[in-house]
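Morning, everyone. Please have the sequence and the model open, and follow along as I go.

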Amino acid sequence: MPKPRFKLVMKVQYFSLVFPSLLLFTVGLILPMILGVYYSLTSWDGYTKDFPFIGLGNFAKMLADPHTLDAWWFTIRFAFWNTLIQNLLALFFAVILDTGVKAKTFYRTVLFLPCLIAPIVAGFIWQHMYFDVLPGFNALLGTKVNFGLFGKSSTVLLGLLIVNNWQFVGYWMLIYLAALQSIPRELYESAFVDGASFRIQFLKITIPMLAPAFTICIVGITVGSLRVYDLLVSATTGGPGRASTSIIYHIYNTALNARQYGYGSALSISLIIVLLVIAVVQLGVLRRREVQL
Amino acid sequence: MIGSRIHTARDRWTAFTRKLCLQIFMIVISAALLLPIFTVINFSFKTRKELYVDNPLALPHSLYLDNYISALERLNVGTTFINTFLYTTLSVFFLAVLSGAAAWAIARNRGRFYRFTYLYFLLGILIPFQALFLPIYIVGNAFHLTNTFYGIILMYVATGLSFSIFLMTSFMSQVPVELEEAAQMDGASIYRTYFRIVLPLLKPAIATLVILQAFAIWNDYLLASLFVSKSSLKTLNVLFQQLFSTTSSNYSTAMAGVMISVVPISILFVALQRYFIKGLTAGAVKG
């Protein structure tokens with residue numbers, strides 16, 4: 001048994017191991033969050049030393065500001081379609097790769113490759129794909145398809161969804177694939193002996209066994225899509241007009257270009273609240289489902 | 001893999017056509033997915049004339065390297081590449097050491113304080129730093145961290161800690177307590193035990209952390225564009241965006257620039273691929 005004094009030394013030493021992380025995390029993330037709440041209650045312009053307190057004025061303003069509402073509407077549509085399409089595609093490709101298709105490693109690499117590219121660079125590449133490269137097919141085939149998806153506010157969302165799915169389907173597919181491969185073979189064998197069809201095996205074994213992967217992918221894609229910014233900067237600069245201005249892009253414009261730090265902070269805090277509520281609701285629902293299965 | 005019955009020749013034939021269709025489908029999909037990457041490589045070797053006159057899908061006529069030379073020059077690679085490299089490696093190094101230490105202390109102390117600390121860190125996973133970029137920028141300004149070399153590293157570490165500690169804690173069960181106890185019996189201090197015994201045992205976890213965080217930092221644009229405006233401190237992505245915004249006409253140079261920024265992280269990926277998949281799936285499989 002260590003002596004009591006030695007125990008105290010150990011306690012201090014253990015604490016000194018977490019302390020640097022605690023300090024950095026608090027200063028770098030928690031302090032900004034607390035200050036953000038404070039700024040959100042003021043009409044601070046980012047320059048002056050006084051912080052005019054206006055209570056919940058910024059939050060009231062938000063509900064009547066068409067730019068903010070447009071930014072939310074775009075962000076929510078982007079997140080909704082992304083979560084739906086990306087999960088379905090990722091699962092679809094994972095199932096295909098799991099059925100013993102030839103050259104599996106090659107397909108896995110191809111699907112994952114775009115993930116290595118920074119979103120800001122991916123936006124740049126696709127800007128040129130839509131306006132310069134894909135029209136090359138029109139010249140070859142004599143067709144007249146309009147590939148300039150970023151050019152019209154009615155198609156910009158579709159264009160961005162294509163880019164984002166191209167980039168990240170492979171990432172989420174790897175998670176589904178690993179989960180598929182961890183399902184014990186005996187489950188399928190016994191179902192097979194009982195004469196269960198492909199469809200029944202998929203619905204009664206595969207889907208339930210994937211529950212933890214569903215949780216990770218659904219929450220991950222939703223949270224990831226709600227904070228979209230880098231891609232928009234290079235692909236559309238939030239346009240045409242304001243058609244692809246996400247909430248983070250809107251905060252950037254409001255605070256750093258229009259110098260409304262108070263209002264911008266209020267937008268940040270509202271985004272945090274939305275993110276937390278969505279994550280908690282999704283985790284709650286999905287975890288409960290995991291337990292039931 | 002789902003089992004299916006194969007009895008007759010007809011069944012075998014159906015299975016064969018199904019497999020063939022699947023294979024053709026995957027080849028078409030792969031071609032579509034590779035087209036943008038093919039374009040980057042293709043355009044990076046095109047002359048200006050080829051860029052504007054030829055069909056965009058046509059290959060260049062010769063191995064034209066001027067785009068790479070001018071990309072190296074215009075992207076100020078001597079500075080920006082080194083900056084990006086140093087921000088990434090130093091941030092990842094500190095993340096590994098700090099999150100390993102914190103995760104170990106949390107795993108070995110079951111008290112209320114450490115349980116609270118763990119939950120406190122987890123809060124950061126649900127609150128992505130992008131959502132807080134404005135107050136983070138304000139705090140960074142107040143502490144004079146903007147436009148400094150260490151300031152941006154500090155911010156990368158601060159914003160990456162939550163996930164790193166979560167990852168390290170999930171690996172901690174693989175570190176046997178017996179070894180640590182033996183070392184402590186021999187009079188080794190906590191620090192000595194951590195650096196000599198625990199940290200080496202965490203190597204696979206660190207490899208996973210390195211690759212996941214290196215990606216995030218190397219590819220980051222938002223934080224770097226906010227924190228750094230001095231040209232001697234800029235990263236590849238920041239300068240890339242400034243030089244080759246959508247209005248730029250000479251995009252074959254930009255495509256060579258894309259290659260320069262993507263190749264290093266791809267090499268890291270190939271080297272640590274094994275750990276990458278392990279890290280992605282640790283949570284998905286165990287739940």
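One definition before we start: a residue is buried under 20% relative accessible area, exposed over 50%, and partly exposed in between. Also, keep in mind that this is a predicted model.

Is B:Trp13 buried or exposed? Its relative accessibility is 55%, so B:Trp13 counts as exposed. Find it in helix H1 of chain B, which covers residues 9-44. B:Trp13 also belongs to a nonpolar surface patch of about 540 Å².

Now go inside. In soluble globular proteins, nonpolar side chains tend to be buried together. Here, the largest nonpolar core has 189 residues. Those with the most contacts inside it are A:Leu160, A:Tyr176, B:Phe133, B:Leu202 and B:Phe227. Which helix gives the most to this core? That is helix H7 of chain A, residues 156-181, with 15 residues. Zoom in on A:Leu160. Leaving out residues up to four places away in sequence, A:Leu160 touches several residues, including A:Phe74, A:Phe78, A:Phe150 and A:Leu231.

Next, B:Ser99. You'll find it in helix H4 of chain B, residues 77-108. Its relative accessible area is 0%, so B:Ser99 is buried. What does its side chain reach? The backbone oxygen of B:Leu95, at 2.6 Å. Beyond four places in sequence, B:Ser99 touches A:Ser21 in chain A, and residues of chain B, among them B:Phe94, B:Leu161 and B:Met168.

Over to chain A. A:Thr68 sits in helix H3, residues 66-98. With a relative accessible area of 1%, A:Thr68 is buried. Now look along to A:Lys102. A:Thr68 and A:Lys102 are 34 residues apart in sequence, and 49 Å apart in space, C-alpha to C-alpha.

Last topic: charges. Side chains of opposite charge can pair when their charged atoms come close. How many salt bridges does a search of the whole structure find? Over all chains, 1. B:Arg108 forms a salt bridge with B:Glu180, and the closest N and O atoms are 2.8 Å apart. B:Arg108 lies in helix H4 of chain B and B:Glu180 in helix H8, residues 177-185, so the pair ties together parts that are 72 residues apart in sequence. B:Arg108 is partly exposed, at 22% relative accessible area. B:Glu180, at 2% relative accessibility, counts as buried.

Note on methods
Residues numbered from 1 in each chain as written. Chains lettered and ligands numbered in written order. Predicted model: local features only at pLDDT ≥ 70, side-chain atom pairs only at ≥ 80, totals over all residues. Heavy atoms only, no water. Core = buried A, V, L, I, M, F, W, Y, C linked by side-chain atoms within 4.5 Å. Buried < 20%, exposed > 50% of the residue type's maximum accessible area, 1.4 Å probe, protein only. Helix = DSSP H or I, 4+ residues; strand = E, 2+ residues; numbered from the N terminus. Contact = heavy atoms within 4.5 Å. Patch = residues over 30% accessible without salt bridge, like charges linked within 9 Å, V, L, I, M, F, W, Y side chains within 5 Å. Areas by Shrake-Rupley, 256 points an atom, 1.4 Å probe, with all protein chains shown as cover. Salt bridge = Lys/Arg side-chain N within 4 Å of Asp/Glu carboxyl O. Polar contact = N/O pair within 3.5 Å; in protein donor to acceptor, adjacent residues only side chain to side chain.
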